[in-house]
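Opening the notebook on this one. I'll jot down what I look up as I go.

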Amino acid sequence: MITYDRLWKTMKEKGITQYDLYTHYHVNRAQINRLKHNKNVEVNTIDKLCNILQCSVDDIMEHIDDNNFF
């Protein structure tokens, strides 16, 4: 399972709010909602967040083993 708990921590450290994401950086509110609920998001969304927050992927997301196989 992929979780985005690290995203919220990184945003807090960088002083960027969810409001900033959708008003200043034009991140779709639906994408923010998907991140909040640990749903699938596109790689380009992760790339955009890394650029906005000036961070790496592991500052945004984390894999937790849940034995979920195809």
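I started with Gln-54, which sits in the loop between α4 and β2. Helices here are DSSP runs of H or I with at least four residues, strands are E runs of at least two, and both are numbered from the N terminus. Gln-54 has a positive phi near 50° though it is a residue other than glycine. Its relative accessible area is 63%, so I log Gln-54 as exposed. My cut-offs: buried is under 20% relative accessible area, exposed is over 50%, and partly exposed is in between, with a 1.4 Å probe and protein chains only.

**Ground rules.** This is a predicted model, so local features need pLDDT of at least 70 and side-chain atom pairs count only at pLDDT 80 or more, while totals for chains, interfaces and linings use all residues. Residues are numbered from 1 along each chain as its sequence is written, and side-chain values use heavy atoms, with hydrogens and water left out.

**Other positive phi values.** His-26 has a phi of about 60° and is not a glycine either. I found His-26 in the loop between α2 and α3, exposed at 61% relative accessible area. Asn-38, which follows α3, has a positive phi near 55°.

**Asn-28.** Asn-28 is also in the loop between α2 and α3, and it is partly exposed at 48%. Which helix end does Asn-28 cap? It caps the N-terminal end of α3 (residues 29-36), with a side-chain oxygen 2.6 Å from the backbone nitrogen of Ala-30. That passes as a polar contact (N or O atoms within 3.5 Å; within protein, one able to donate a hydrogen and the other to accept it, and residues adjacent in sequence counting only if both atoms are side-chain atoms). I also noted Thr-45: it is 17 residues from Asn-28 in sequence and 9.5 Å away in space, C-alpha to C-alpha.

**Asp-20.** I checked Asp-20, in helix α2 (residues 18-23). It is buried yet has no salt bridge, and the nearest side chain of opposite charge, Arg-29, is 11 Å away. For charges, Lys and Arg count as positive and Asp and Glu as negative; His and the chain ends are not counted. A polar atom of the Asp-20 side chain does lie 3.0 Å from the backbone nitrogen of Thr-17. Leaving aside neighbours within four places in sequence, Asp-20 is in contact (heavy atoms within 4.5 Å) with Gly-15 and Tyr-25.

**Salt bridge.** How many salt bridges are in the whole structure? The search finds 1, where the criterion is a Lys or Arg side-chain nitrogen within 4 Å of an Asp or Glu carboxyl oxygen. Glu-62 and Arg-6 form it, at 3.5 Å N to O. The pair links distant parts of the chain, 56 residues apart: Glu-62 is in strand β2 (residues 62-63) and Arg-6 in helix α1. Glu-62 is partly exposed at 29%, and Arg-6 is partly exposed at 33%.

Leaving aside neighbours within four places, Ile-60 is in contact with residues including Thr-3, Arg-6, Leu-49 and Cys-55.
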